[in-house]
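Me: I have a model to go through. Can you take me over it chain by chain?

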Amino acid sequence: MKYWFIAALVCLLPSMVLCATPVRIGSKQFTESVILGEVARLAARQAGVQAQHQRELGGTSILWSALQHGDIDAYPEYTGTLTHELLKNVAADADIPTLRAALKPLGIGITDSLGFNDTYAIGMREDRASQLDIRRISDLTTHPELSFGFSNEFMDRTDGWPGLRQRYGLPQTQVRGLDHILSYRALSSKAVDAIDLYSTDAEIPYYHLRTLDDDKHYFPHYDAIYLYRLALEQNSPAFVEALRKLSGRIDENAMRKMNAEVKLQGKKETTVAADFLGVKPDTDGAGLLSRLLQRTIEHLKLVLISLTAAVLLAVPLGVFSARSKRLGQAIMAASGVLQTIPSLAMFVFMIPFFGIGTWPAIAALFLYSLLPIVRNTYTGLVGIPADLRESAAALGLPRGVRLRRVELPMAMRSILAGVKTAAVINVGTATLGALIGAGGYGQPIVTGIRLDDTGLILEGAIPAAVMALLVQGLFEGIERWLTPRGMRLEARD
Amino acid sequence: MPANNSASLEAFELSCVSKRYGAVMALDNVSLSFPAGTTTSLIGSSGSGKSTLLRLLLGLEWPDQGQVKVDGEVLESEHVLELRRRVGYVIQDGGLFPHLTALGNLALLPSHLGWSRERVRQRAEELAALTHLPSGALERYPAELSGGQRQRVALMRGLMLNPDALLLDEPLGALDPIVRHELQDELKHIFDQLGKTVIVVTHDIAEAAWFAERIVLMRHGKVVQDGRLEDLRQRPVEPFVTHFVEAQRTLREPSV
């Protein structure tokens, strides 16, 4: 079994290296970004450059980090994000030439504006807004009873809610963090009175929303641009040329229309982007079964490699913990701390070390798997009655033999229970790997949440649940098979 | 300890040994010797230090003060594995490993030392005859054996390498009276037959006297009296000895 995994690892390494050949475009986990990613890919294809698009790689921090580390070559970004979040020592209203100069030392290039400004805006239901006579953000100050639902990113960013509240002196106290994708539903179901939105969102006309006038000019410009690695100017000048040619071609209406076609009419991003460029979409052609197979393989790879590596490290750690009390406490505390790191943060932490894709996800899952296995190994070993441990010693068996022939077999049940826990948790957590490009069952879930498509969500969620059940069943079988029969018998007297 | 040594050689020897667990003195300046080929009963209430004494002889514990000698040599940690292989050790519940069959328990040490499967089985069958273990019990797991059978297997495990000495820590403590009585007879017979150095720890004065002529009575980590049952009865060195000897209830006719 072990050799099989090593063989698999050896086979996977060259394929990682080979992936470096085509230009890699990334996109964030929202529809506009995915469309712009597809536009860039198809424009590259049009220019005869082979390109691939890694969709829905979570948020800004993941893409920015991936671009800097060379895990992707280009992605669509907004000037406001650069000035407010990504670059220090740059004025909030810096123009694109200034940004270009600031990005150059980082080895990153920037195109001119694609032609639209996708800035933050505050939106309310048309009926509610007219009933209260609210047209401008300033009007909100006289309605402290209103409740707001803001995307988590907007809540946290300095150019988001904290700054907005300060600029306008907003008195509202009922402010909740919501997933941006869910916030329209929250608004239309009257769970909140106002949300943050983007000026090109397709939902604005669909849900009959009013975007409030930013009368104090708080929100900065968010001109859409592409960021790319400057190295491409040498390696793939045709690609950079293709990106540059896109600037000025997409205005706000065009973008809002493309967003609406995907989000509201259910068209594919590829089709919409191809229509815009006037090229033929390349069909992905994959049926449900082959998609499912592909994702199952990706998902299994994440779970199996991380779990195997975790077992190889955690069982010895458990043995050491059982042997030395102080070391044991330190090991247990360290693996406990790892467990408290939120999954997405853990994935992001792994990017500097492993880039994006399968390996950072495996590394994160590996770290999560340690605690249950270490703890159960420790518990299993410590739970062996002292007189039995002493009997083994009194026989004159060396320590290693005692561990292998007596202590580990007696602790086997507990160790396997730990591995089982880790495996089942891994199957679930691995779905988040899609946010850093690891694929797996998380991919349709992420897309499904973004497009509000329950069918797609289930396409990922059901197989993940089935896999979790199978893993559970498999380990119960292994447990029965590996637990010596003598350990399952009740002693008679 | 070659088998042809004269009986005068000391198999085990403690000189001025003390062992403390926290605030409790488990052994307090104890000096004792156990000549090769003799049987000794160590007796005392629980907590008197008798089990600690056995564990010191096996190198499972080390003295805080004093010396433990085995076959005339001071016990050192680098030789402790060899020593343990020359000494059989049986504890109250047998200490059998639940994940191995009786035969698996017996084979553990021999197969580590490179014995063939046939040799292990042959030796196991010899010992099964000696201890009256029913045929078929060798293939069973400890949980499938009766208490008496478990103790027999534990004794066999101690005897697999034909050691020079046997240390038994309350070997019959967990058995019901009938099985216990039966095994007392058998053990006595086996001790006589094998002629090994035997130390039996028990808290039952009758059992102690049944196994050995020499009885060592311990209390609070000290040796109170070392002698025969008559010595303890007729010439107690302190009132505790009488108290201990008489505390064991015997059945009498109703005296009304």
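Me: What is the mean pLDDT of chain A?
Reply: The mean is 88, and 94% of the residues of chain A reach 70 or more. pLDDT is the predictor's confidence in each residue, from 0 to 100.

Me: Where does pLDDT stay under 50 in chain A?
Reply: Over residues 9-20 of chain A, for which the model has zero contacts beyond four places in sequence. A contact means that the C-beta atoms of two residues, placed from the backbone, lie within 7 Å. Where pLDDT is low, the predicted coordinates should not be read in detail.

Me: Sheets next. What is the strand order in the five-stranded one of chain A?
Reply: The order is 7-6-8-5-9, in an open sheet with mixed pairing. Strands (E, at least two residues) and helices (H or I, at least four) are DSSP runs, numbered from the N terminus, and two strands pair if DSSP finds at least two bridges between them. Strand 7 (175-178) and strand 9 (209-211) of chain A are the edge strands, each pairing on one side only. From one strand to the next, the twist averages 35°.

Me: Which helix packs on that sheet?
Reply: Helix 9 (residues 180-188) of chain A, which touches strand 5 (120-125), strand 6, strand 7 and strand 8 of chain A. Its direction makes about 160° with that of strand 6 of chain A. Axes are lines fitted to C-alpha atoms, for helices over the stretch in contact, and angles run from 0 to 180 degrees between N-to-C directions.

Me: And chain B, how do its four strands pair?
Reply: They form an open sheet in the order 2-1-4-5, with antiparallel pairing.

Me: Why is one side of strand 2 and of strand 5 of chain B left without a neighbour?
Reply: Strand 2 (24-35) and strand 5 (73-74) of chain B stand at the edges with a single partner strand each, so one side of each has no neighbour in the sheet.

Me: How many bridges join strand 1 to strand 4 of chain B?
Reply: Five, between residues 10-21 and residues 65-70 of chain B. B:Leu14 stands opposite B:Val68 in strand 4 of chain B.

Me: Last one. How many residues does each chain put into the contact?
Reply: Chain A gives 24 residues and chain B gives 22 residues. Helix 19 of chain A gives the most to the chain A side, with six residues.

Definitions and conventions: Residues are numbered from 1 along each chain as its sequence is written. Chains are lettered from A and ligands numbered from 1 in the order in which they are written. This is a predicted model: local features need pLDDT of at least 70, side-chain atom pairs count only at pLDDT 80 or more; totals for chains, interfaces and linings use all residues.
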